[in-house]
Amino acid sequence: MKSETYRKDVRLPSREEFAQDYPQYGPKVRADGSDLFDLVMRPDSFVRAMVVTEALGLPAVSGIANECAAARRGTIADTDKQLVGALTCALMTRNGFRKKGQKRSIPQRGWSRGEVYERVK
């Protein structure tokens, strides 16, 4: 059996960069949303979001929704879901994806719809 190593460079925006792009969430990622920022802005979160996007055609947030809900002890407020969506957008767009202009259902309990992304050619 042959083994290969997979590596992926991932661009992670800082809190300051994120706050510049999404000023309405700047105070939140510096306070009670800091844990969600740290959870989403990780290379493994991007890889999961990328896989559900490209392999399943699902909203990118589907790859990290369960983990984000677990960070909130299973019940995540709508404002936190919106923050996770904005964080996911920042992560995806900095790593070669763009919004497809399409929303689909997020298949995790307690979530509704999310943006679908496509790789920029």
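## A buried glycine between two helices

Gly-63 is buried, with a relative accessibility of 17% (buried means under 20% relative accessible area, exposed over 50%, and partly exposed in between, with a 1.4 Å probe and protein chains only). This glycine lies in the loop between H4 and helix H5 (65-71); helices (H or I, at least four residues) and strands (E, at least two) are DSSP runs, numbered from the N terminus. The structure is a predicted model, in which local features need pLDDT of at least 70 and side-chain atom pairs count only at pLDDT 80 or more, while totals for chains, interfaces and linings use all residues. Residues are numbered from 1 along each chain as its sequence is written, and side-chain values use heavy atoms, with hydrogens and water left out.

Beyond residues up to four places away in sequence, Gly-63 touches Arg-48, Ala-49 and Val-52, where contact means heavy atoms within 4.5 Å. The C-alpha atoms of Gly-63 and Ala-49 are separated by 4.6 Å, although the two residues are 14 residues apart along the chain.

Arg-48 belongs to helix H4 and counts as partly exposed because its relative accessibility is 27%. Not counting residues up to four places away in sequence, Arg-48 touches Arg-42, Gly-63, Ile-64 and Glu-67. From Arg-48 to Ser-62, 14 residues away in sequence, the C-alpha to C-alpha distance is 8.5 Å.

Ala-60 is placed in the loop between H4 and H5. With a relative accessible area of 0%, Ala-60 is buried. Its contacts, leaving aside neighbours within four places in sequence, are Ala-49, Val-52, Thr-53, Thr-88, Met-92, Glu-115 and Tyr-117. Ala-60 and Leu-39 are 21 residues apart along the chain, and 14 Å separates their C-alpha atoms.

## Leu-39 in helix H3

Leu-39 is part of helix H3 (residues 34-40) and counts as buried at 12% relative accessibility. Apart from neighbours within four places in sequence, Leu-39 is in contact with Ser-45, Glu-67, Cys-68 and Ala-71. Between the C-alpha atoms of Leu-39 and Val-84, which are 45 residues apart along the chain, the separation is 9.5 Å.

## Aromatic rings

The whole structure contains three aromatic pairs (rings of Phe, Tyr and Trp, the last by its six-membered ring, pair if their centres lie within 6.5 Å; planes under 30 degrees apart count as stacked, over 60 as edge-to-face and the rest as tilted). Phe-46 and Phe-97 form an edge-to-face pair, with 6.1 Å from centre to centre and 65 degrees between the planes. This pair links distant parts of the chain, since Phe-46 is in helix H4 (residues 43-56) and Phe-97 in strand E1, 51 residues apart. Phe-46 counts as buried at 0% relative accessibility, and Phe-97 is buried with a relative accessible area of 3%.

Phe-18, Tyr-22 and Phe-37 form one aromatic cluster. A further ring, that of Trp-111, has the charged end of Lys-81 over it, 5.9 Å from its centre; a charge sits over a ring if NZ of Lys or CZ of Arg is within 6 Å of the ring centre and within 35 degrees of the ring normal.

## The largest pocket

The largest pocket has a volume of about 380 Å³. On a 1 Å grid over the protein atoms alone, a pocket is an open set of points where a 1.4 Å probe fits, with protein on both sides within 12 Å along at least five of seven lines, and lining residues have an atom within 4 Å of a point. Grid points are joined across faces, edges and corners, and the volume is the space filled by probe spheres set on the points.

Of the 21 lining residues, Lys-81, Gln-82, Gly-85, Arg-113 and Gly-114 are the closest to the pocket centre. Helix H6 (78-93), strand E1 (97-105) and strand E2 (113-119) each supply at least two lining residues, and the largest share, seven residues, comes from H6. The lining divides into nine nonpolar, six polar and six charged residues; Ala, Val, Leu, Ile, Met, Phe, Trp, Tyr, Cys and Pro count as nonpolar, Asp, Glu, Lys and Arg as charged, and the others, Gly among them, as polar.
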